[in-house]
Amino acid sequence: MPVDTLTLPCPHCDALNRVPAARMDDDPNCGKCHAPLFAHKPLTLTATNFALHVERSDLPLLVDFWAPWCGPCRMMAPAFEEAARTLEPQMRLAKVNTEEEQELAARFAIRSIPTMILFRNGQEVARQSGAMNAGAIAHWARSHEL
């Protein structure tokens, strides 16, 4: 059964927005802060806003767990940004800095970086470790959509 309206947290102010599914491609804005709901780049998640974006969004969320000292992470960063431009608005992309958010890294048992985890309805759907190019990221994420 198709969904008529989607709930999306704003990447700027974290307010919850209800967006008609038919209007997802119309560059919707947040009802509270009026910023675009899709910046076509990954948003930064912290312990403060992680649960909101994972559990309350109706969109799948692809999270890149990375660290600034990690060479493969830095090499993959532009590809992950490019994948965000390709996958939004069907999917949201986000990044978690494991150095700053060690509790989140431990909670999801991140053992190597970069590691991407795809969440849907608050649940982990798939996990992939290792750097990938933009096309491979998009293909991998789409192959696990429900």
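How many salt bridges does the structure hold? I counted 4 salt bridges. The model is a predicted one, and I kept that in mind for the entries below.

**Entry 1, Lys95 and Asp64.** I looked up the side chains of Lys95 and Asp64 and found them joined in a salt bridge, 2.6 Å from N to O. Lys95 sits in strand β5 (residues 92-97) and Asp64 in strand β4, so the pair ties together parts 31 residues apart in sequence. I then checked burial. Lys95 has a relative accessible area of 14% and is buried; Asp64, at 0%, is buried.

Asp26 is partly exposed at 42% relative accessible area, and Arg23 is partly exposed at 47%.

Arg127 comes out partly exposed at 33%, and Glu124 partly exposed at 37%.

I listed the buried residues of α4 (residues 134-143): Ala134, Ile137, Ala138, Trp140 and Ala141. Why are they on the same side of α4? They cover an arc of only 165° around the axis, which puts them there. An α-helix has 3.6 residues a turn, so residues three or four places apart point the same way. I checked what the buried residues of α4 pack against: β4 (61-66), α2 (71-87), β6 (115-120) and β7 (123-129). On the face turned away from the buried side I found the exposed residues Gly135 and His139.

I found Asn133 as the cap, with a side-chain oxygen 3.1 Å from the backbone nitrogen of Gly135.

Terms used:
Residues are numbered from 1 along each chain as its sequence is written. This is a predicted model: local features need pLDDT of at least 70, side-chain atom pairs count only at pLDDT 80 or more; totals for chains, interfaces and linings use all residues. Side-chain values use heavy atoms; hydrogens and water are left out. Buried means under 20% relative accessible area, exposed over 50%, partly exposed in between (1.4 Å probe, protein chains only). Helices (H or I, at least four residues) and strands (E, at least two) are DSSP runs, numbered from the N terminus. The arc is that of the directions from the helix axis to the C-beta atoms. Contact means heavy atoms within 4.5 Å. A polar contact is a pair of N or O atoms within 3.5 Å; within protein, one must be able to donate a hydrogen and the other to accept it, and residues adjacent in sequence count only if both atoms are side-chain atoms.
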